[in-house]
Amino acid sequence: MKIKSICCIGAGYVGGPTMAVIAKKCPQIKVTVVDINEARIAAWNDEDVNNIPVYEPGLGEVVAEARGRNLFFSTDVDGAIDEADMVFISVNTPTKTYGEGKGLAADLKWIELCARQIARVATNDKIVVEKSTLPVRTASTIKSILNHTGSGVNFQILSNPEFLAEGTAVDDLMSPDRVLIGGDQTPEGLNAIQALVDVYAEWVPRDRILTTNVWSSELSKLTANAFLAQRVSSINSLSELCEHTEADINEVARAIGSDSRIGPKFLKASVGFGGSCFQKDILNLVYISRSYGLDEVADYWEQVIKMNDHQKRRFAKKIIRSLYNTVNGKKIALLGWAFKKDTNDTRESAAIYVSDHLLFEQANISVYDPKVKEEQVFVDMDYLNTRSSEENRKYIEVVNDPYEACKGAHAIAVMTEWDEFKAYDWQRIYDNMLKPAHVFDGRNILDREKLKNIGFQVYAIGSAG
Ligand code: NAD
Ligand code: UGA
C-alpha cells in the first residue's frame, strides 16, 4: 500500500517538526497537521516563519519550503482524519494529576479522545500510528476502541515512537540514529509496517529502520528515555562527591567517556535534567512496574528522579548558603529559563524549581532567556501553585537584556547552556554587580579561571572550588 495522505493529530513539539520533515522529504504525500488549539495552528500558518510556535534551529526553512505545497496546518480535525490513509496520534500524554496513578501514570485521556474521534469519523480503512510516548500495551486500548465502531472500517495500529531531542529536532529527524516501527505480526500488520517503512525509506537508510512487535516498540521508547535520564542522574550524583573531594566532574566525565563501552555523550553534569518527557516517562515506568508487582524494578528507576530533585534543591541551597544564609531582598539573576539551549520549551525546566526554592526565601529574581517570553515564565511559576500569581509577579521580573538582569545583583545563576552566555562582557557584568559578586554555573559552561581573575566568586557544579 502506498501512502498518499497523512493526518497528524497534535501540532506540538513533536507533531509539527516531524510532519514538516516528512512533508519535505515526501513531496508526493499530502501531510495535514491538525490541532484543537486554534492559536497554535494560526501560529504555524503565520506568514513569517519566525513566528511558528516551536523554536528549533532550521525548522523555519523546512516549514517555508513545504507549507502550502504538501504541508498544511488546520483545525479541521474530522476532515483531515477522513481524508488520510495514515493517521498519526501526536498529542500530549502528561503525568496524571488526579485519581488512580496520580503523579505517576500517563494521562491517556487525549489519546482515548483521538481514538474515539478516528472511530467516529473514518469511512475507509486506515493505519493509525502512535507517535506519542505511551505506556506499554496502550495499543490494545486504541485497538479495542477502533474495533468496536461497527462501521466495517478496518484499522491497523502501529507504534512509531519519536526519539528527537529538542534543540536538535531537525537534524535528528533528517538523519535519525534509528526509526522504530512496531506492529502486529500478522499479514495485515506486516503490510501496515511496510507502508510506514516506505515513507521513512524516502530519506532514512533501510538498515536504520527497525521493526518489532507493538509492545517492544512501546516499551523501547520509555526505556530509551529512562537510560538517558539515568546517565544524567549518575553523573550528577558524582558531581556532589566531586565537590567534597576536589575531584572535578568534567575530568571524571572525560576519563570515563573515553571508554568506548561507556561513550562520551550525556555525561554533562548539570543543575538537573528538565523537559517534558524524562520525568514523565520514568514515573510512568515506575507506575507500570508497580502495577505488575515489580517493586524492586520500580524502586530502581524511581531513584533517577529522586537524584534529579536532589540536584535542583542542592543547587538552590548552595546559592542561599553562599550568600550568608539569606537571600531575602537580594537580587539574583537567572540566565536561561528554557530546559536546555536552542529551544523555547520550558516544561519541567530546572529554573522553575530553583526559583521556587529561592522565592521561599523571599529573593528577588531577574530572569533573562533569549527565546522564552515573559508570560511563559509566569505561566510556569503560577502552574506550580505554591504562591499567588501576584506574589510571583512581585518577586520575579523578566527582562530582555542580560546586562540589565545582572545589574545590581548579588549573584548570577546560569540555568541554561545558551552559547551566547559565554560571549558576554563579564567584566562589564562584574562592574555593575554588588560585591562580592557570585556566579553559580549550573551548566559548567563558563571559563572559571577568567571569572575568578575578574573577581567573581565562582561555583560550578561538580568542582570543589
Ligand atoms: P505538545 O503539548 O507540544 O503538543 C500536543 C498537542 O496536541 C497540543 O498542541 C494539543 O493542543 C494537541 N491536542 C491534544 N488533544 C488533541 C485532540 N484531541 N485533537 C487535536 N489536538 C489535540 O506535546 P509534544 O511535546 O509534542 O509531545 C507529544 C507526545 O510526543 C508526548 O507523548 C510526548 O511524550 C512525546 N514526545 C515528545 C518529545 C519532545 O521532544 N517534546 C519527543 C519525543 C516524544
Ligand atoms: C529527550 C531525549 O534525548 C530524546 O531522545 C527523546 O525523544 C525526548 O527526550 C522525549 O522523549 O521527549 P529532550 O528532553 O528534548 O530529549 O532533550 P535532552 O537533550 O535529552 O535533554 C534533557 C535534559 O537533560 C535537559 O535538561 C538537558 O539539559 C539535560 N542533560 C542532558 C544534562 O543535564 N546533561 C547531559 O549530559 C545531557
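# Chat about a predicted model

Me: Which side-chain atom of Arg443 lies by an oxygen atom of ligand 2, and at what distance?

Reply: A polar side-chain atom of Arg443 lies 2.6 Å from an oxygen atom of ligand 2. Keep in mind that this is a predicted model.

Me: How much of ligand 2 does the protein bury?

Reply: Ligand 2 exposes 700 Å² when taken alone, and the protein buries 90% of that.

Me: Which polar backbone atoms are by the oxygen atoms of ligand 2?

Reply: One belongs to Glu166, at 2.8 Å from an oxygen atom of ligand 2. Another belongs to Gly274, at 2.9 Å from an oxygen atom of the ligand.

Me: And which residues around ligand 2 come nearest?

Reply: There are 20 residues around ligand 2, and Phe163, Leu164, Ser270, Cys277 and Arg443 come nearest.

Me: Which helix gives the largest share of that shell?

Reply: Helix H9, residues 214–245, gives the largest share, with 4 residues.

Me: New topic. Where does Ser289 lie?

Reply: Ser289 lies in helix H11, which covers residues 278–291.

Me: Is Ser289 buried or exposed?

Reply: Ser289 counts as buried, because its relative accessibility is 7% and the cut-off for buried is under 20%.

Me: What does its side chain reach?

Reply: The side chain of Ser289 reaches the backbone oxygen of Leu285, at 2.8 Å.

Me: What does Ser289 touch, leaving out residues up to four places away in sequence?

Reply: With those left out, Ser289 touches Leu294, Val297 and Ala298.

Me: Where is Val297, then?

Reply: Val297 is in helix H12, residues 295–322. Val297 is partly exposed, at 38% relative accessible area. Together with Tyr292 and Leu294, Val297 makes a nonpolar surface patch of about 290 Å².

Me: Last one. Where is Leu108?

Reply: Leu108 is in the loop between strand S4 (86–89) and helix H5 (109–121). Leu108 counts as partly exposed, at 27% relative accessibility.

Me: How far apart are Leu108 and Thr93 in sequence and in space?

Reply: Leu108 and Thr93 are 15 residues apart in sequence, and 5.9 Å apart in space from C-alpha to C-alpha. Not counting residues up to four places away in sequence, Leu108 touches Thr93, Leu134, Pro135 and Thr138.

Terms used:
Residues are numbered from 1 along each chain as its sequence is written. Chains are lettered from A and ligands numbered from 1 in the order in which they are written. This is a predicted model: local features need pLDDT of at least 70, side-chain atom pairs count only at pLDDT 80 or more; totals for chains, interfaces and linings use all residues. Side-chain values use heavy atoms; hydrogens and water are left out. Patches are made of residues with over 30% relative accessible area and no salt bridge: like charges are joined within 9 Å, nonpolar side chains (Val, Leu, Ile, Met, Phe, Trp, Tyr) within 5 Å. Accessible areas come from the Shrake-Rupley method with a 1.4 Å probe; for residues, only the protein chains shown count as cover. A salt bridge is a side-chain nitrogen of Lys or Arg within 4 Å of a carboxyl oxygen of Asp or Glu. Helices (H or I, at least four residues) and strands (E, at least two) are DSSP runs, numbered from the N terminus. Buried means under 20% relative accessible area, exposed over 50%, partly exposed in between (1.4 Å probe, protein chains only). A polar contact is a pair of N or O atoms within 3.5 Å; within protein, one must be able to donate a hydrogen and the other to accept it, and residues adjacent in sequence count only if both atoms are side-chain atoms. Contact means heavy atoms within 4.5 Å. A residue is near a molecule or strand if one of its heavy atoms lies within 4 Å of it.
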